[in-house]
Amino acid sequence: MINYLIVIYKNYDLLDIQVNNFKHKFPEKDYLLTVIDNTPNQEKQNIIVDPIIDQYVSIDSQPTFDGTSHGNAIDVGLEYCSGDIIGILDSDYFILNDQIQIGRAHV
């Protein structure tokens, strides 16, 4: 099973598109979806978390212009992920291939 990790930063509209894309591309729900909200505290929105999201974590965040905040959000998100394969996606990166399969090597 793949555990997908997405970090959002002020882009709740992209999260909605991601959720719809996952529903359309992977209707079997053979994955875990973890979302980390790294939006600055004063700009966070109250949202209704779609049931397709297995874990939605809002972290303490202050506005910055460097990658440190994003990297920290990924590190936090990895703590919530499990499984052999973790796919880290930017919120504006959309999976287009619905034939992703996990194969086992034959030894």
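Q: Hi! Before we dig in, what kind of model is this?
A: Hello! The model is a predicted one.

Q: Good to know. How do strands β1 and β2 pair?
A: Strand β1 (residues 2–8) and strand β2 pair in the parallel sense, over seven bridges. Within that pairing, isoleucine 2 is opposite tyrosine 31 of β2.

Q: And how does the chain cross from β1 to β2?
A: The chain goes through helix α1 (residues 12–25) on its way from β1 to β2, and this β-α-β crossover is right-handed.

Q: Which strand do four bridges join to β2?
A: That would be strand β3 (residues 55–58), which runs parallel to β2. Threonine 34 stands opposite glutamine 55 in β3.

Q: Nice. Why is β2 described as largely enclosed by the rest of the structure?
A: Because six of the seven residues of β2 (residues 31–37) are buried.

Q: Switching to aromatics: how many pairs does a search of the whole structure find?
A: The search finds six aromatic pairs. One of them is tyrosine 4 with tyrosine 31: their ring centres are 6.1 Å apart and their planes are at 70°, so the pair is edge-to-face.

Q: Are they buried or exposed?
A: Tyrosine 4 and tyrosine 31 are both buried.

Q: What about phenylalanine 26 and tyrosine 31?
A: Phenylalanine 26 and tyrosine 31 also form an edge-to-face aromatic pair, with 5.8 Å from centre to centre and 65° between the planes. Both phenylalanine 26 and tyrosine 31 are buried.

Q: Which residues make up the aromatic cluster?
A: Tyr4, Phe22, Phe26 and Tyr31 form one aromatic cluster.

Q: Okay, new topic, the surface. Which residues form a nonpolar patch there?
A: Leu78, Ile86 and Ile88 form the patch, and together they have about 230 Å² of accessible area.

Q: Where is isoleucine 86?
A: Isoleucine 86 lies in strand β4 (residues 85–90).

Q: Last one: why does isoleucine 86 count as partly exposed?
A: Because its relative accessibility is 35%, while partly exposed covers the range between under 20% for buried and over 50% for exposed.

Methods
Residues numbered from 1 in each chain as written. Predicted model: local features only at pLDDT ≥ 70, side-chain atom pairs only at ≥ 80, totals over all residues. Heavy atoms only, no water. Patch = residues over 30% accessible without salt bridge, like charges linked within 9 Å, V, L, I, M, F, W, Y side chains within 5 Å. Areas by Shrake-Rupley, 256 points an atom, 1.4 Å probe, with all protein chains shown as cover. Salt bridge = Lys/Arg side-chain N within 4 Å of Asp/Glu carboxyl O. Helix = DSSP H or I, 4+ residues; strand = E, 2+ residues; numbered from the N terminus. Buried < 20%, exposed > 50% of the residue type's maximum accessible area, 1.4 Å probe, protein only. Pairing = 2+ DSSP bridges. Right-handed = clockwise from strand over helix to strand, strands pointing away. Phe/Tyr/Trp six-rings, centres within 6.5 Å; stacked < 30°, edge-to-face > 60°.
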